[in-house]
Amino acid sequence: MAELQRGLEGVIAAETKISSIIDSQLTYAGYDIDDLAENAQFEEIIFLLWNYRLPTKDELQELKSKLYEYMTLNPRVYKHFEEYVTDKVHPMTALRTSVSYIAHFDPDAEDEADEKKYERAIRIQAKIASLVTAFSRVREGKEPLKPNSDLSYAGNFLYMLKGELPTDIEEEAFNKALILHADHELNASAFTARCAVSSLSDMYSGIVAAVGSLKGPLHGGANERVMAMLSEVGSLDNVDNYLDEKIANKEKIMGFGHRVYKEGDPRAKYLREMSRKITEETGQSELYEMSLAIEKRMKEEKGLIPNVDFFSATVYHSMDIPHDLFTPIFAVSRTSGWIAHILEQYRDNRIMRPRANYIGETNRKYVPIEER
Ligand code: COA
């Protein structure tokens, strides 16, 4: 049997045209992430990841109008949310359950025709934004809002969350953040989505599985914990004491390290700069200074670099977004990547079925319960 690769490190488990990480550079369908982050709109990225090419004006317009059309949720979803609020569930748990629930209202959820799958993809990408924003509003005792189709996907998300139009700077920063989080080759949640649908299960099942994977602190759950860490650190003076203790106890520092990038995460520079700008504008520069001090010390002491989650935390915090929505927001963006992986898996499917080395006991005989 082949040699064990813990955490599947270095194992090639799929062929893809969606995104690549080569020499620490991330590309989506052959476009450098730098080019896309500077110039594109998140809606174009959705189309790019699903079709391996940028949309024409008409194609983009068609995608946008369908996204806004499908953002409406069945009112029973809001009723469900009231129960989640009573149970005080985390928004990521609410998202996992509610993605599964909205499948009940999709008349074509099991239809395998290609055009139905593509339509379902748009439906899920639309509704995921409504689920996160509506849950947050129901939790705050506010009415969920209808989408505002004059805004971009990014701007509309902020509008549906807060009930007020975002500033240009907020919309631009959020659009960039959505682009930077959209896909990342065979990350844990994309792989989970592929595994789920490799049995030819439906797209909703793939997204539910992926949300569950992203939720963990070693993956998307890290961004919320970065903010918790910054609150715990409290001030710039306390950074060294805090890290001394964590490093001595061999505890992980959230927002650092990466399986693939060892020199630098190409997404982090944008988020670092966004964090600088937005913390300055909102009078919270100390949070940025603390982040830089942590980054410097982690590099010196452990050779570890910040990943996408480290600076995104202060960006979202400065936009006044509740900390427990950081990971659901990651999910809203990454849904575009998950769907791309699901569609690609369907196109050239073979069920995922690796092997395990059995290391337990052997040759045991059943002993009746009275004799144990
Ligand atoms: N803080 C402290 N030490 C860390 C660390 C962190 N954030 N990330 C990795 N390390 C250490 C590990 O303990 C390990 O040390 P060891 O060799 O002495 O055992 C070494 O660096 C290698 O890390 P490893 O756990 O093998 O990396 P991985 O590829 O299995 O895991 C992550 C990658 C991202 C899961 C891991 O770096 C991590 O847990 N980071 C924190 C969570 C996070 O920010 N996740 C978001 C990812 S985008």
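**Aromatic rings, a ligand and the loops between helices**

Phenylalanine 311 has a relative accessibility of 0% and therefore counts as buried, a word used here for under 20% relative accessible area, while exposed stands for over 50% and partly exposed for values in between (1.4 Å probe, protein chains only). The structure is a predicted model, in which local features need pLDDT of at least 70 and side-chain atom pairs count only at pLDDT 80 or more, whereas totals for chains, interfaces and linings use all residues. Residues are numbered from 1 along each chain as its sequence is written, and side-chain values rest on heavy atoms, with hydrogens and water left out.

Rings of Phe, Tyr and Trp (its six-membered ring) pair if their centres lie within 6.5 Å, and the pair is stacked if the planes are under 30 degrees apart, edge-to-face if over 60 and tilted otherwise. By this rule there are 12 aromatic pairs. One of them joins tyrosine 288 to phenylalanine 311, with 6.4 Å from centre to centre and 50 degrees between the planes, and it is classed as tilted. This pair links distant parts of the chain, for tyrosine 288 belongs to helix 14 (residues 285–302) and phenylalanine 311, 23 residues away, to helix 15 (residues 308–318); helices are DSSP runs of H or I with at least four residues, numbered from the N terminus. Phenylalanine 310 and phenylalanine 311 are both buried. Elsewhere, one aromatic cluster is made up of Phe157, Phe174, Tyr316 and Phe326.

Some rings have a charge over them, which is counted when NZ of Lys or CZ of Arg is within 6 Å of the ring centre and within 35 degrees of the ring normal. Lysine 117 lies over the face of tyrosine 346, 4.4 Å from the centre of the ring. At tyrosine 70, the charged end of arginine 123 sits over the ring, and the distance to its centre is 4.9 Å.

The ligand comes next. Around the ligand are 18 residues, of which Lys252, Ile253, Gly255, Phe256 and Arg259 come nearest, where being near requires a heavy atom within 4 Å. A nitrogen atom of the ligand lies 2.9 Å from a polar backbone atom of leucine 218, and an oxygen atom of the ligand lies 2.8 Å from a backbone N or O atom of glycine 255. The side chain of arginine 259 places an N or O atom 2.7 Å from an oxygen atom of the ligand. On its own the ligand has 860 Å² of accessible area, and the protein covers 63% of this.

Glutamate 185 has a relative accessible area of 29% and is partly exposed.

Lysine 88, likewise not a glycine, has a positive phi of about 55 degrees. Lysine 88 is placed in the loop between helix 4 (75–86) and helix 5 (91–102), and at 75% relative accessibility this lysine counts as exposed. Phenylalanine 81, by contrast, is part of helix 4, and with a relative accessibility of 0% this phenylalanine counts as buried.

Tyrosine 270, in helix 13 (residues 268–281), is buried with a relative accessible area of 10%. Although 236 residues along the chain separate tyrosine 270 from aspartate 34, their C-alpha atoms are 8.9 Å apart. Serine 333, in helix 16 (residues 326–347), is buried as well, with a relative accessible area of 1%.

Definitions and conventions
Helix = DSSP H or I, 4+ residues; strand = E, 2+ residues; numbered from the N terminus. Polar contact = N/O pair within 3.5 Å; in protein donor to acceptor, adjacent residues only side chain to side chain. Areas by Shrake-Rupley, 256 points an atom, 1.4 Å probe, with all protein chains shown as cover.
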